[in-house]
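Q: I would like to learn how to read domains and sheets in a model. Can we go through one together?

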Amino acid sequence: MLIIKKSIFDDPIHALPSPENTTRVQLPNGITLLSRPNFNSPTLSIKGYLNGGSLFDPEDKLGLSYLTAFGLMTGTANHDFQSLYNQIESIGASLSFSSSTLRTSFSAHCLSEDLDLILSVLADCLRTPSFPEKEFNRQKNQMLTALAIRAQDTGAMANLLFDQIVYCDHPYQHPEEGYTETVQAIQRDDLPNFYQRIYGPKDMAMAIVGAVEPQLAADAVRQYFGDWENPSQHPLPIIESKEPLANPTKKRLSIPGKYQADIVMGCLAPDRHSPDFHALRLGNNILGEFGMMGRLGQRVREAAGLAYYVYSSLSISLGPGAWEMIAGVNPENIDQTIALITDEVVNFVSHPVTEQELSDSKSFFLGRMPLMLDSNSGVAASLINIERFNLGLDYFLRYPQLVQEITREDIFEASRRYLDPERLAIAVAGP
Amino acid sequence: MTNAAQLITLDNGLTVYLKEIHTAPIISTWIWYRVGSRNESPGITGISHWVEHMQFKGTQDYPAGNLDREISRVGGAWNALTHMDWTTYFEILPAHLFNISLKLEADRMVNSQFLPVEVERERTVIISEREGNENQPRFLLAEAVQNAAFSQHPYKHEVIGVKEDLYAISREDLYQHYHRYYQPTNAVLSIAGDFNTRSLLQNIKEIFGDIPSGEPVRLIIPPEPAIEHEKQVHITGPGETSYLQVAYRAPSAQNPDFFALTVLDSLLTGPSSLNMFGSGGTSNKTSRLYRALVEGEVTVSCQGSLHATIDPYLYSINLTLHPDRTPEEVLFAVDQEIKRVLDSPITKTEIDRAIKQARALFAFSSENISNQAFWLGYSEMFASYDWFENYVNHLSNVTPERVLQIAQTYLDPSNRVVGIYTPEGG
């Protein structure tokens with residue numbers, strides 16, 4: 001029997017985000033603001049995104065979206081690099097931008113008394129970036145060094161190799177940061193051009209959580225972003241689907257001089273809106289997450305002592321997702337580890353999970369709900385997720401039911417739709 | 001919503017810190033043991049960390065697997081950390097289900113089994129963990145620097161231990177280490193969250209009160225001599241990137257110099273976050289070294305690292321080199337910036353800014369329940385909780401003259417080890 005403390009839903013202090021305690025405001029220019037007050041500490045977390053990321057990168061300039069997001073804080077019409085950062089760092093706040101395949105995200109943390117200042121800097125960076133040549137060259141060099149470091153990172157390279165296998169000929173096959181030669185090809189003028197096509201208020205979302213009344217937060221966002229327009233902003237394209245692998249595919253990358261190899265193996269997964277979503281989340285939890293890394297942890301780490309880390313991970317967003325089984329092992333144990341993981345996958349798609357496992361996993365997902373209340377940034381991230389996938393402000397109120405109604409058969413059937421031990425993608429990077 | 005922390009010592013010597021915080025329906029429980037790599041000698045390096053791993057292997061009452069299940073079933077998070085001076089175990093659980101953490105921690109304080117078969121399985125797991133670390137150039141460099149910076153103190157070795165010792169440590173070694181250090185007088189229980197102090201304390205007495213005190217831990221570590229003259233260590237490895245670590249012997253956390261060095265570090269490499277969980281730090285783009293080194297295209301990144309430790313450890317400046325620069329050029333640029341501190345001392349305005357940043361970071365650190373439970377116990381491991389509560393006040397008392405004095409004392413080249421990692425054949 002699952003017990004959910006009544007106060008999680010009813011107590012105004014402890015309440016999970018819901019329509020009663022979260023304010024959602026849409027500006028005429030397309031920006032959506034979600035705001036939830038919390039006066040327990042004098043701080044604020046701000047998170048948000050614009051639609052548009054590396055999906056828009058030209059093939060020969062992969063990494064452009066990443067560098068553009070990186071460049072937003074290098075200078076604006078009103079401030080140079082040092083002046084921008086001086087405003088942020090002088091008050092102990094943080095502000096950063098990042099880019100992924102589909103989104104450009106921002107994240108800020110500050111004292112609530114500094115809301116105006118942080119929003120003014122955020123608006124300055126998003127609305128009037130100047131991408132100074134000198135800063136661009138420096139950031140490009142930093143990125144090239146980061147790519148040289150990535151080339152030595154067995155985990156990152158195994159992941160990259162895995163994506164190249166499962167997303168072959170699909171836009172998702174490329175890393176957001178690009179490759180050395182594509183970053184080399186990017187010129188300073190590419191950044192403002194990319195910015196002009198992709199950045200704008202349409203479909204932008206922002207969450208402000210912390211010690212501020214929602215009305216004040218909305219007024220401040222209107223003040224700094226209300227008159228932002230970009231008629232040439234491109235919408236996200238329809239994302240192509242991807243067929244699963246026809247055959248098992250294994251690739252190995254040699255990185256000489258390393259001590260440990262990383263293995264990433266798995267298959268495609270569905271989109272966030274798939275009816276299989278909750279069944280697969282529970283299934284993944286049982287396979288490689290619950291307790292000490294689920295069944296995989298039990299088999300590969302606890303019983304065989306082969307790996308410090310072995311787990312499974314489900315990456316589900318818009319478009320084709322991925323279901324990955326990951327391990328770091330001594331090079332001598334690569335084949336044995338792959339065999340053990342494959343065996344667990346075979347078992348997983350041959351028999352439904354046990355009642356006990358299902359009950360444990362459901363209990364895990366429902367029990368951990370209050371833990372997300374432990375920080376403003378956790379709540380802000382949840383609100384952004386709700387907005388991005390159009391889940392509705394009552395999502396957390398419906399969530400227990402969504403989890404509870406999953407059956408063993410749901411997990412079994414959903415897993416079999418995606419996880420085929422005969423057609424796994426296997427990527428290994430190591431010495 | 002938040003009450004002051006309560007300090008109680010049980011009859012068996014267990015120190016208990018409790019802090020009621022009713023901002024979220026969760027409780028964060030930490031148990032700290034005064035044991036880490038500082039308590040190790042050559043031949044058994046890495047043993048404290050290995051004991052930490054064995055604490056997840058179960059007892060008669062909570063067999064391995066059941067532990068995971070008990071915590072995970074209620075949606076909890078749990079883990080453990082081993083450091084130089086301490087080992088800690090934590091559980092973050094929904095408030096109404098948290099009692100399991102007390103029972104679990106009391107049980108494994110004395111009843112862990114250390115079954116030989118589990119010891120052997122964990123040996124390969126820990127060697128795998130070490131090999132994962134060895135894949136990182138920064139780990140290899142830090143290990144070499146640490147080794148060169150200490151002649152006899154146990155801080156000489158990385159917490160995970162040297163590989164030879166990981167092959168040689170026996171089940172008996174592990175069990176003796178566990179038995180010696182895991183006992184109430186050597187432990188601190190720190191709990192923050194949604195509870196009533198009086199009833200929780202009663203509960204703690206019932207669950208922990210009967211555990212015998214054990215033999216007091218007596219540890220005599222001869223003080224490490226000063227570094228005396230600059231040392232350099234060069235290592236090579238795969239890749240295209242070079243790294244530099246400039247490590248100065250630092251004061252212990254209880255030495256008043258620690259706070260002045262914290263301010264100096266903030267000016268040189270940016271303020272440090274006090275938040276172990278979630279967000280709450282700030283960037284370091286306006287720091288002196290970032291401006292000189294990264295904006296000057298000498299390095300592509302720079303970070304400072306100052307640990308609060310029982311004995312004097314290291315203050316490190318960690319640098320990733322610009323591909324066109326040599327380690328000698330980078331070291332020269334670092335020295336130029338330190339010379340600038342010495343020749344044209346820091347202004348009061350700069351110090352005031354550092355204090356303001358620290359105040360904001362301190363406020364961020366109180367946003368999160370687990371972070372508060374963490375600091376209750378963590379500060380006890382090298383000083384006391386007062387140290388943390390008065391942290392900002394201590395920083396506020398630092399003057400420009402004091403910072404200059406600290407820079408002269410600690411950032412002298414004769415007090416440092418310079419570690420250089422360069423690509424093989426480069």
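A: Start with pairing: two strands pair if DSSP finds at least two bridges between them. Helices (H or I, at least four residues) and strands (E, at least two) are DSSP runs, numbered from the N terminus. Here Ser301(B) stands opposite Thr320(B) in β10(B). The model is predicted: local features need pLDDT of at least 70, side-chain atom pairs count only at pLDDT 80 or more, and totals for chains, interfaces and linings use all residues. Residues are numbered from 1 along each chain as its sequence is written, with chains lettered from A and ligands numbered from 1 in written order.

Q: In which sense do β9(B) and β10 (residues 314-321) of chain B pair?

A: Antiparallel, over seven bridges.

Q: What is the strand order of the open sheet in chain B?

A: Its five strands run β7-β11-β8-β10-β9, with mixed pairing. β7 (231-237) and β9 (299-306) of chain B are the edge strands; each has a single partner, so one side of each lacks a neighbour in the sheet.

Q: Which domains does chain B have?

A: Bounds come from an automatic or database domain assignment. For chain B it gives domain 1 (6-208) and domain 2 (231-423). Their centres, taken over C-alpha atoms, are 28 Å apart.

Q: How many residues are in contact between domain 1 and domain 2 of chain B?

A: Contact means C-beta atoms, placed from the backbone, within 7 Å. By that test, 33 residues of domain 1 of chain B meet 28 of domain 2 of chain B. On the domain 1 side, α5(B) gives the largest share, nine residues.

Definitions and conventions. Contact = placed C-beta atoms within 7 Å.
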